[in-house]
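Have the structure open while you read.

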Amino acid sequence: MLKVVRTRDYDDMSRKAANVISAQVILKPDSVLGLATGSTPLGIYRTLIGWYQKGDLDFAHVRSVNLDEYQGLPREHDQSYYYFMNENFFKHINIDPEQTHLPDGMNMDAEGECARYHQVVESMGGIDLQLLGIGNNGHIGFNEPAEDFAERVHCVELTESTIRANARFFASEADVPRYAYTMGIGEIMSAKRVLIVASGKAKAPILRDLIHGPVTPHVPASILKFHPDATLIADEDALSLV
Ligand code: PGA
């Protein structure tokens with residue numbers, strides 16, 4: 001069952017999602033958070049930073065694992081997810097940088113990196129709350145539409161649709177990396193709670209397919225309907241076709 005929370009707009013979505021993460025950290029200060037990049041979570045991170053600065057939140061004992069990372073981008077590249085997480089969240093709060101984890105995009109040994117990152121996720125002893133965005137094509141992390149659900153951390157070739165969607169962040173479409181490391185659907189589904197967020201009219205068709213369509217690897221996010229504790233927080237625009 002996927003619970004759906006409808007919000008007025010992006011800010012309302014961001015605050016409500018931040019409230020869920022905040023409650024998680026207050027109730028369990030040593031929570032393991034599964035974190036996501038993309039434009040949608042930015043307002044959530046900004047809100048959490050604000051609450052941290054007011055003294056309402058403490059991340060000293062939180063550990064984090066991120067969903068994914070481009071292959072071939074160094075950490076200091078401004079489009080690497082390592083850079084994104086530091087700039088938009090980690091450097092503004094008191095999380096221990098040693099306790100934040102992402103796939104190593106510069107490890108070109110795909111098999112080795114996938115095995116290593118799977119171990120990292122396993123060693124957390126379970127993700128308490130996994131935050132997710134959803135791609136226009138239904139991807140979660142970089143689990144692109146496919147014939148099967150991928151179980152574990154793997155290296156994916158990005159679809160043309162994802163490359164086009166992400167080209168806005170690069171000098172040109174040719175600069176968008178073609179491969180990425182991502183947690184698999186199995187690892188995402190193992191999280192105790194899942195929070196998926198979406199905003200804006202561009203997400204309306206995929207949210208319609210997600211909510212009204214079947215569970216299928218062609219819409220990777222649809223598997224969340226089988227998760228025991230998954231919540232979608234989305235604004236009016238994103239839910240306008242539901
Ligand atoms: P977005 O990306 O938040 O930038 O829309 C979501 C995703 O691709 O997972």
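1. Start with Thr-162, which sits in helix 5 (residues 160-166). Keep in mind that this is a predicted model. Is Thr-162 buried or exposed? Its relative accessible area is 2%, and buried means under 20%, so Thr-162 counts as buried.

2. Now look at what surrounds Thr-162. Leaving aside residues up to four places away in sequence, Thr-162 touches Asn-137, His-139, Phe-142 and Glu-144. With one of these, His-139, there is also a polar contact between the two side chains, at 3.4 Å.

3. Next, move along to helix 7 (residues 204-212), where the buried residues are Ala-204, Ile-206, Leu-207 and Leu-210. Looking down the axis of helix 7, you'll find these buried residues within an arc of 160°, so they line one face of the helix. They pack against strand 1 (2-7), strand 9 (193-198) and strand 10 (230-235).

4. Strand 10 deserves a look of its own. Six of its six residues are buried, so strand 10 is largely enclosed by the rest of the structure. Ala-230, Leu-232 and Ala-234 point one way from the strand, while Thr-231, Ile-233 and Asp-235 point the other way.

5. Which strands pair with strand 10? Strand 1 runs parallel to strand 10 and is joined to it by six bridges; here Leu-2 stands opposite Ala-230. Strand 9 is parallel to strand 10 too, with five bridges between them, and Ala-198 has Ala-234 as its bridge partner. From strand 9 the chain passes through helix 7 to reach strand 10, a β-α-β crossover that is right-handed.

Definitions and conventions: Residues numbered from 1 in each chain as written. Predicted model: local features only at pLDDT ≥ 70, side-chain atom pairs only at ≥ 80, totals over all residues. Heavy atoms only, no water. Helix = DSSP H or I, 4+ residues; strand = E, 2+ residues; numbered from the N terminus. Buried < 20%, exposed > 50% of the residue type's maximum accessible area, 1.4 Å probe, protein only. Polar contact = N/O pair within 3.5 Å; in protein donor to acceptor, adjacent residues only side chain to side chain. Contact = heavy atoms within 4.5 Å. Arc of directions from axis to C-beta. Pairing = 2+ DSSP bridges. Right-handed = clockwise from strand over helix to strand, strands pointing away.
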